Amino acid sequence: DISCSGQSSSGFTVTWTTDEASDSTVDYDDDGSPYASEASDATMTTSHSVEISGLDADTTYYYAVTSEDASTNSATSSEQTCATSAATSALASAAP
């Protein structure tokens, strides 16, 4: 299963598992494939977690994950979506 969590106004974390140790890559964009941006981690693992930051607030992002093992066998997921939360104004959150 692939999931996104920890949504903030500027990012989120994508997590997934694989049956073999492999690296972690998330390709993403706010208008779908082809994806303009990539976040990755070369650590070989079966429990993958990639943090994506520097995103626009209150925006739906489209992404796909890819994992490649030591033998260069790779697998790419179908397209997934995750949305950043709305930005909060410092004025709106300040007590009167």
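Leaving aside neighbours within four places in sequence, T59 is in contact (heavy atoms within 4.5 Å) with D30, C82, A83 and T84. The structure is a predicted model, in which local features need pLDDT of at least 70, side-chain atom pairs count only at pLDDT 80 or more, and totals for chains, interfaces and linings use all residues. Residues are numbered from 1 along each chain as its sequence is written, and side-chain values use heavy atoms, with hydrogens and water left out.

T59 is found in the loop between β3 (37–53) and β4, where strands are DSSP runs of E with at least two residues and helices are runs of H or I with at least four, numbered from the N terminus. With a relative accessibility of 18%, T59 counts as buried, the classes being buried under 20% relative accessible area, exposed over 50% and partly exposed in between, for a 1.4 Å probe and protein chains only. The side chain of T59 also reaches the backbone oxygen of A57, at 2.9 Å. D58 lies in that loop between β3 and β4 as well, but is exposed, with a relative accessible area of 60%.

The secondary structure of the chain comes to 1 helix and 6 strands, which follow the pattern β-β-β-β-β-β-α along the sequence. Taken along the principal axes, the C-alpha atoms fill a box of roughly 60 × 25 × 20 Å. Of the 96 residues in the chain, 29% are buried, and among contacts with a separation of 6 or more, 61% are accounted for by residues 24 or more positions apart. The chain exposes about 5600 Å², of which carbon and sulfur atoms supply 43%; the areas come from the Shrake-Rupley method with a 1.4 Å probe, and for residues only the protein chains shown count as cover.

The largest pocket holds about 230 Å³ of space. A pocket is here an open set of points on a 1 Å grid over the protein atoms alone, where a 1.4 Å probe fits, with protein on both sides within 12 Å along at least five of seven lines, and lining residues have an atom within 4 Å of a point. The lining comprises 16 residues, of which T18, D19, S22, S67 and A75 lie nearest the centre of the pocket. Strands β2 (11–29), β4 and β5 (74–76) each supply at least two lining residues, and β2 gives the most, with 6.

S67, one of the residues nearest the pocket centre, has its place in strand β4 (residues 60–68). S67 is buried because its relative accessible area is 7%, below the 20% limit. The side chains of S67 and W16 are joined by a polar contact of 2.9 Å, that is, a pair of N or O atoms within 3.5 Å of which, within protein, one must be able to donate a hydrogen and the other to accept it, residues adjacent in sequence counting only if both atoms are side-chain atoms. Apart from neighbours within four places in sequence, the contacts of S67 include T18, S22, D23 and H48, and also N73, S74 and A75.

Some backbone geometry remains to be described. Most residues other than glycine have a negative phi, and most peptide bonds are trans. The peptide bond from S33 to P34 is cis, with omega near 5°, and P34 is found in the loop between β2 and β3. Phi is positive in D58, near 50°, and in T72, at about 65°. T72 has its place in the loop between β4 and β5 and counts as exposed, at 55% relative accessibility.

Terms used. Grid points are joined across faces, edges and corners, and a volume is the space filled by probe spheres set on the points.
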